[in-house]
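Dear colleague,

Please find below the structure I promised to hand over, together with its sequence. I would be grateful if you could look through it alongside the notes that follow.

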Amino acid sequence: MPKFLGIDTSNYTTSAAVYDSESGSIVQQKMLLPVKEGQKGLRQSDAVFHHTVQLPQVIDRLSEECDISDIAAIGVSTAPRGAEGSYMPCFLCGEGLSECLGRAMKLPVYRTSHQCGHILAALYSADKLSLLNSEFAAFHISGGTTDCLFCRPDDEKVLYITETGTSLDLKGGQLVDRTGLMLGLKFPCGHQLEKLALESKASPKKLGIRPVMKEGSCCLSGFENRFGKMLADGADRADIALACLYAVAYSADAMTEYSEQHHGRLPIIYAGGVMSNSIIRSYMTKKRDNAYFAAPEFSCDNAAGTAVFAAVKSGSIKLEKK
């Protein structure tokens with residue numbers, strides 16, 4: 001049975017993965033892009049440079065874990081979203097390598113979006129690839145997106161994705177990182193902020209967090225100002241961290257309710273680095289029995305979804321036709 005190579009070069013992580021269609025297993029390797037202390041992110045020129053340096057290292061580590069000489073096809077993310085005009089230079093690194101490997105090894109190269117890759121990785125991890133046969137809702141919440149999405153099967157794209165709601169200012173990951181930096185944590189701040197929040201003894205209800213919504217979209221920038229004031233007023237750092245995570249959770253919950261009003265009650269898959277947070281996951285799963293989450297290693301940026309995409313496009317993962 002064939003294997004499929006996936007490559008993803010996002011603005012945060014260099015990733016490569018192999019999906020084995022015989023065992024259904026995925027092996028992956030990834031490296032975070034280095035960010036200087038005190039900075040909130042990377043310029044695209046720096047991201048491209050670091051991917052150029054790190055891609056050979058990631059592929060080398062992957063080849064030590066599994067044989068990649070017998071892969072049948074390559075899947076690669078070439079843009080943040082599948083929408084027309086979506087573009088970031090960092091994805092050229094993965095696309096260029098995939099094109100070279102495809103031509104050298106005479107393999108098909110299947111292109112998708114970073115967002116679609118996230119959703120496919122989450123479906124794989126949650127053992128819900130069967131949802132590719134029907135309509136479902138998905139969340140992609142990371143440093144660059146806070147999107148509620150309506151997904152349906154598509155012969156060409158595998159998933160036809162339309163936006164139901166988004167963030168109108170800061171993205172979920174940006175709020176997490178900016179709050180973390182405010183509290184003296186190192187970028188990226190997600191794991192450290194979660195650890196700090198778990199130390200809080202505050203009741204979420206007493207934190208007074210309420211989502212700020214405009215129809216199906218949320219606004220998060222006001223929370224950054226609020227948390228800054230809390231810190232200046234001497235609030236406990238752990239309480240601020242907890243408030244930040246509930247701000248994201250409550251906003252996602254409100255976006256979910258809006259989606260259900262328009263598309264009905266569908267299975268919901270939560271993807272993106274922010275959604276790997278245990279506090280947010282616990283809140284959402286207790287409230288909704290139709291919510292599914294990826295394991296953390298498949299929720300943060302990864303190439304597993306692009307490997308799965310190649311397997312679907314090649315026909316190795318069979319989808320029912322309706």
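This is a predicted model: local features need pLDDT of at least 70, side-chain atom pairs count only at pLDDT 80 or more; totals for chains, interfaces and linings use all residues.

The largest pocket

This pocket has a volume of about 630 Å³. Its lining comprises 30 residues, and those nearest the centre are Pro188, Gly190, His191, Gly273 and Cys300. Three elements, β3 (25–32), α4 (172–182) and α5 (190–197), each supply at least two residues of the lining of the largest pocket. Of the elements, α5 gives the most, with four residues. Sorted by class, the lining of the largest pocket holds 14 nonpolar, twelve polar and four charged residues.

The second largest pocket

Here the space amounts to about 470 Å³. The second largest pocket is lined by 23 residues, with Arg81, Gly82, Ala83, Ser113 and Lys157 nearest its centre. At least two lining residues come from each of the strands β4 (71–79), β5 (109–113), β7 (146–154) and β8 (158–165), and likewise from each of the helices α3 (114–125) and α10 (304–314). The element that gives the most to this lining is β8, with five residues. By class, the lining of the second largest pocket has nine nonpolar, seven polar and seven charged residues.

With kind regards

Definitions and conventions
Residues are numbered from 1 along each chain as its sequence is written. Side-chain values use heavy atoms; hydrogens and water are left out. On a 1 Å grid over the protein atoms alone, a cavity is a set of points where a 1.4 Å probe fits but cannot get out, and a pocket is an open set with protein on both sides within 12 Å along at least five of seven lines; lining residues have an atom within 4 Å of a point. Grid points are joined across faces, edges and corners, and a volume is the space filled by probe spheres set on the points. Ala, Val, Leu, Ile, Met, Phe, Trp, Tyr, Cys and Pro count as nonpolar, Asp, Glu, Lys and Arg as charged, and the others, Gly among them, as polar.
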